[in-house]
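I opened this one to look at a helix and some charged pairs. Notes below are as I jotted them.

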Amino acid sequence: EDIRLIAAPSLALQAAADEAVKLGLTPLILGDSLEGESRDVGAVMAGIAISAHRKGLPLKGPAVLLSGGETTVTIGKGPAGKGGRNTEFLLSLALTLKGADGIWAIAGDSDGIDGVEDAAGAVVTPDTLARMRAAGVDPRQSLVSHDSYTAFRAAGDLVVTGPTLTNVNDIRAILIG
């Protein structure tokens with residue numbers, strides 16, 4: 001039997017890296033199987049982005065950090081808000097970045113649905129947290145209560161694609177200016 005693989009996480013990340021090169025960015029693929037708590041992975045990725053932006057390590061900008069894999073959101077006792085692993089990752093990333101200039105990010109599920117909401121994911125810009133706060137949202141409390149969808153909706157930063165009818169994992173990109 002002849003089997004041809006037409007889509008895989010590594011292929012999606014390589015395609016993104018190829019496009020980044022065309023745009024004059026240096027890509028760094030961090031892996032296609034990253035796992036762990038979404039909020040922890042977001043904080044770690046923010047640390048890498050800050051190091052790249054301020055010190056040129058592990059690479060100098062303009063660059064893009066690419067990763068894939070499926071992180072986890074563990075809900076504890078008490079009520080939980082709306083959101084999925086990509087928006088929770090991004091909210092943690094944004095909180096750790098603290099509005100740092102020169103760093104932007106996007107994360108989403110390639111099937112178009114992050115968790116059970118209608119968004120694939122969201123974007124983070126240097127003013128995302130300020131726009132959340134201006135809309136009356138406390139981003140830190142949103143992270144604690146797993147309500148990242150509501151926070152990004154208030155900021156206008158959700159990415160809504162609708163179902164894509166394909167799934168090659170979550171894809172994350174962090175742009176370093």
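Ground rules: I'm working on a predicted model, where local features need pLDDT of at least 70, side-chain atom pairs count only at pLDDT 80 or more, and totals for chains, interfaces and linings use all residues. Residues are numbered from 1 along each chain as its sequence is written, and side-chain values use heavy atoms, with hydrogens and water left out.

Helix 2. I took helices (H or I, at least four residues) and strands (E, at least two) as DSSP runs, numbered from the N terminus. I checked the length of helix 2 (residues 38-55): its 18 residues should span 26 Å at 1.5 Å a residue, and the end C-alpha atoms sit 25 Å apart, which agrees. The expected span is 1.5 Å times one less than the number of residues. Just past helix 2, I found G56 with a positive phi of about 75°.

Salt bridges. My rule was a side-chain nitrogen of Lys or Arg within 4 Å of a carboxyl oxygen of Asp or Glu; I got 7.

R85 and D109 pair at 2.9 Å, N to O. This one links distant parts of the chain, with R85 in helix 3 and D109 in strand 3, 24 residues apart. I looked up burial too (buried is under 20% relative accessible area, exposed over 50%, partly exposed in between; 1.4 Å probe, protein chains only). R85 is buried at 18%, and D109 is buried at 6%.

E19 and K22 pair at 3.2 Å, N to O. They are 3 residues apart in helix 1 (residues 9-22), so about one helical turn separates them.
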